[in-house]
Amino acid sequence: MKYTFPLAAVIALVLIAWIGAQIPGMQYLFGVAIPYLAMALFLGGFCYRVVQWAKSPVPFRIPTTCGQEYSLPWIKQDKLESPVNASQVVARMALEILLFRSLWRNTKASVYDGPKLTYESSKWLWLFGILFHYSFLMIVLRHMRLFLDPVPGFVKALEFGDGILQIGAPTMYLTDATILLALVLLFGRRLINRQVRYISLANDYFPLFLIFAIATTGILMRFFLRTDVDIVAIKRLAVGLVTFQPSITTDIGAIFYVHLFLVSTLLAYFPFSKLMHMGGVFLSPTRNLPNNSRMVRHINPWNPDIKPHSYASYEDEFREDMVEQGIPVEKELPKKADD
Amino acid sequence: MYDSDKIIPGLIIFVLFITFPVWYNHGDASEVPKPELPKDVKECVLPVADMRAEHMQLLNRWRDLVLRTGDRSYDVKIAGKEYQKSLMNTCMQCHSSKKKFCDRCHTYASVTPYCWDCHLAPVE
């Protein structure tokens, strides 16, 4: 099935790191070499994909408009749905990137007896998506406490806000709960909704399982499998990685290496997957082009350079042949000298 | 490449943002903090590795038990001396300096336990 293979792949990754990290000497492979390689693949692959996209021409305006375009002065323009200038496009893109506005418009089509087709608003995907993405963002920013020394105030503020419920010690984070909930809901949506299940592929399930495993190992490491999880040694390694002086000072529990290996896998996999929508959302021509094709002349970039050829110059070029063939001409051939 | 005037600055911002920890730390992996250990006592209520990993869970458990039952007895004897479940009367007796013991690692790892919301930190 389409979700058993990705599930098996994630389990295999967990086992590789779990067993591998317990072999003496392999800690440097899982703790230093693989994270560096993954980061290089992530940055290099990300830039490569964006440059490849930038090389693809967009020969004409293809914004998807959903409102009244700019028209006569007494007709009200829908500035967000049919933007015509840069500031309107920026507003539209900002709402798209920060609030996932196009998912807010998602509809569900159903057929009833009759037959009768109905469309109704379906905001579940928007809800699950925004829950997931903002939880993930918070978690990534919160992890900066392990990479930055001294820890800047905004990271401390995020941590405080995330742990505001003060449940247990170490304090439970709200985003840990919301990211798992969102992942379960996003996965459930792919299983339960028939149409979505039909179009879901292994490469849709794999990131879901992988991120679920990352969140789970993180939570296990923080709250449950704390043996040998020495946060000072972990921070020393993390700061070492970003300052290019990595060192593993003590034995760190295998769960840490599993977590790190899964994150490395995510980073390395990122540029070659659908997760590239992170960069792609900025480059989607249906969103980032202004709908100004009636105001600005857009020229196809690969048009050949064709010079204008008027009838007068055409006749100048072919007059002799035209006269010979008996085709009427506007200007007769010049009289020959000997006539 | 089309729109390179927008895409190249965008990519540069992205790379700078992702590599932010590299610029922030100035290529300097600072020293690992060393909490100051008590000089006269060599043993804690749990082995060192367990204390390092689980002291916050132990303290949390103690707090709940003491608040709910009022029972402070904790049958651990170190060098013939019995210790009770208490932050101020057990932990802080040996680890008398919050700044030199607790705060060193907590500041490094950006951990802000809320012990001191209720307990009075020792005057230093």
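In this predicted model, the centres of domain 1 of chain A and domain 2 of chain A, taken over C-alpha atoms, are separated by 70 Å. Domain 1 covers residues 4–306 of chain A, whereas domain 2 takes in residues 311–339.

Turning to chain B, one finds a secondary structure made up of five helices and two strands, and these elements follow one another along the sequence in the pattern α-α-α-β-β-α-α. The radius of gyration of chain B is 23 Å, well over the 14 Å that the globule rule gives for 124 residues, and chain B is therefore more spread out than a compact globule. The box filled by its C-alpha atoms, when taken along the principal axes, comes to roughly 75 × 35 × 30 Å.

How much of chain B counts as buried? Of its 124 residues, 31% fall into that class, for which the relative accessible area has to be under 20%. Among the contacts in chain B with a separation of 6 or more, 57% are accounted for by residues 24 or more positions apart.

Terms used
Residues numbered from 1 in each chain as written. Chains lettered and ligands numbered in written order. Predicted model: local features only at pLDDT ≥ 70, side-chain atom pairs only at ≥ 80, totals over all residues. Heavy atoms only, no water. Domains from an automatic or database assignment. Helix = DSSP H or I, 4+ residues; strand = E, 2+ residues; numbered from the N terminus. Rg over C-alpha atoms; globule rule 2.2 N^0.38 Å. Buried < 20%, exposed > 50% of the residue type's maximum accessible area, 1.4 Å probe, protein only. Contact = heavy atoms within 4.5 Å.
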